[in-house]
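Work through the following exercises with the sequence and the coordinates open side by side.

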Amino acid sequence: MAFSANSDTRCNFTFRQTVAGFLGAPGLPFVDILSEKLIAQVFAKHGGLFGRTYTTAIVLWAFMSQVLRDGKEASCQSAVARISSSLGVSSREDVDPDTRDYCRARAKLSEAALHELTTTIANEAERLVEPQNLWKGRHAKLVDGSTFMMPDTPKNQAAYPQNPAQKPGIGFPIARFVVVISLATACVIDCAIAKYKGKETGETALLRQIIGCFCKGDVAVADRFYGNYWMIVLLMQAGVDVCFRKHQKRHTDFRRGRRLGKDDHIVTWHRPNRPPWMSKELYDSMPNSIELREIRYVITKPGRKQDPFIIVTTMTDVQGDDAVQYEDLAELFGFRWNAELDIRSIKTHLNLHHLRCKSPEMVRKEFWVTMLAYNAIRTTSLGSAWICGTRPREVSFVSCCQFVLAAWDVIDTMTAEARRAYCVSRLGQIGKCLVGKRPGRFEPRVRKKRGSNYNLMMQPREVLQARLANGDNSFETK
């Protein structure tokens, strides 16, 4: 069944084209996670179906194609060119090359619909993932935070001010985000965005906003920044176990507590004083103390940090059916690094490090379209992993992006039977593009390529332009 953005539309571009681009064909695994029916229902729920030439379907497709590309292919002009080419073939309809109509249509996309679609895809993928890809039969979710920048416009500066350490006019607006990522599927479960600095803009505050994305029985894995009493208790009250690195300012003495083994014991943490952000009612509902397990281990592999890792967890059972051993905890926390790699993939290969939109409303929509495209790529990887018998995280994210972009150029011209055969073939090819099997490889974190010979911008642009007009270019070169 095909869904179009509007029954009165003059073109026949539907959500099916967007779905088919991610190598989705009837009868293939995980194809129902990202379906045209789901997309249409979510946008209809939020009143987001619109258009005649620039329908919701084609605008979403073009916007996703922008975040999946980089350079000149990520521009609005390039998106309009792709729309013109697609409609020219399917309906012989001319599209004005001016980008203003496309930008107006893009602004109509519902942010709430994009958010819901992103999280729905991730949750459905998590539900369908094979048990052998879970950690001890449980859903582990990785937590981490980062920042991104955006164009230096007055609106963006007002909503997301630049780093206060920078002088006005020489920095970019900057936003902070915290993301919860599935260990099994690598999909983004949910995320929260805020200003870079200010009240309730820290990573733990943002995590509290999306703590509802955890389900009872999940395991939260995060670095030492999240390992405070309040976050651990909030997750425990939701029925979620934690595996956090212990904050370096907390004292650790393995001679105390109930000993479970070498560098492995159970200790009691007592409730601190009420922080300013917490209401008295919430504070009173917190337990006076909690029992936590702490372990210490050292990685001995060449090229890895040799400092001891001290892990704090709520998984204290070492003898029952659900026993978690010392080695299990060390392995689980080692998987936390996948969150760093996933965020790097989103920021580097989907251009989240610096978004392009010039208003805060559009910045947030671009952010969610980026997360939606990322989850769609990860869903495609799930299908390829299932066909090839590999783990989803072994499939190359970049290679999957490349095959998806190549498919969008040809898949719409095929019959249904040819499309299915093509999707199976391409998924098989993606499944052969594996990463992570590089034993003994480690690289120093330095750059060989030298930087530009130009100085950093230390004064506002208009000041520098005035200096150039007066023949002073001494600030340009080192």
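**Exercise 1. Locate T118, decide whether it is buried or exposed, and list its contacts.**

Step 1: T118 is placed in helix α6, residues 111–128, where helices (H or I, at least four residues) and strands (E, at least two) are DSSP runs numbered from the N terminus. This is a predicted model, in which local features need pLDDT of at least 70 and side-chain atom pairs count only at pLDDT 80 or more, while totals for chains, interfaces and linings use all residues. Residues are numbered from 1 along each chain as its sequence is written, and side-chain values use heavy atoms, with hydrogens and water left out.

Step 2: Buried means under 20% relative accessible area, exposed over 50%, and partly exposed in between, with a 1.4 Å probe and protein chains only. T118 has a relative accessibility of 0% and therefore counts as buried.

Step 3: With contact defined as heavy atoms within 4.5 Å, and leaving aside residues up to four places away in sequence, T118 touches V188, W368, M371, L372 and N375.

**Exercise 2. Describe how β2 is paired with its neighbours and how its two faces are covered.**

Step 1: Two strands pair if DSSP finds at least two bridges between them. β1 and β2 run antiparallel and are joined by nine bridges; in β2, V179 is the bridge partner of D144, and V180 is that of V143.

Step 2: On to β3, which runs antiparallel to β2 and is joined to it by seven bridges, with V188 in β3 as the bridge partner of I181. β2 and β3 form a hairpin with five residues between them, and A186 in the turn has a positive phi of about 70°.

Step 3: In a regular strand the side chains alternate between the two faces of the sheet. For β2, I174, R176, V178, V180 and S182 lie on one side and A175, F177, V179 and I181 on the other, and all are buried; nine of the nine residues of β2 are thus covered in the sense of being buried.

Step 4: β1 also has a parallel partner, strand β4 (residues 219–222), to which three bridges join it, and A140 stands opposite V219 there. Eight of the 10 residues of β1 are buried, so β1 is largely enclosed by the rest of the structure.

**Exercise 3. Characterise the ring pairs that link F148, F177, F367 and W368.**

Step 1: A pair of aromatic rings is described by the distance of the centres and the angle of the planes. Rings of Phe, Tyr and Trp (its six-membered ring) pair if their centres lie within 6.5 Å, and planes under 30 degrees apart count as stacked, over 60 as edge-to-face and the rest as tilted. By this rule the count comes to 14 aromatic pairs.

Step 2: F148 and F177 form a tilted pair, with 6.0 Å centre to centre and 45° between the planes. This pair links distant parts of the chain, since F148 is in strand β1 and F177 in strand β2, 29 residues apart, and both F148 and F177 are buried.

Step 3: F367 and W368 form an edge-to-face pair at 5.4 Å centre to centre, with 90° between the planes. F367 is buried with a relative accessible area of 0%, and W368 is buried as well, at 4%.

Step 4: Ring pairs link F148, F177, F367 and W368 into a cluster.
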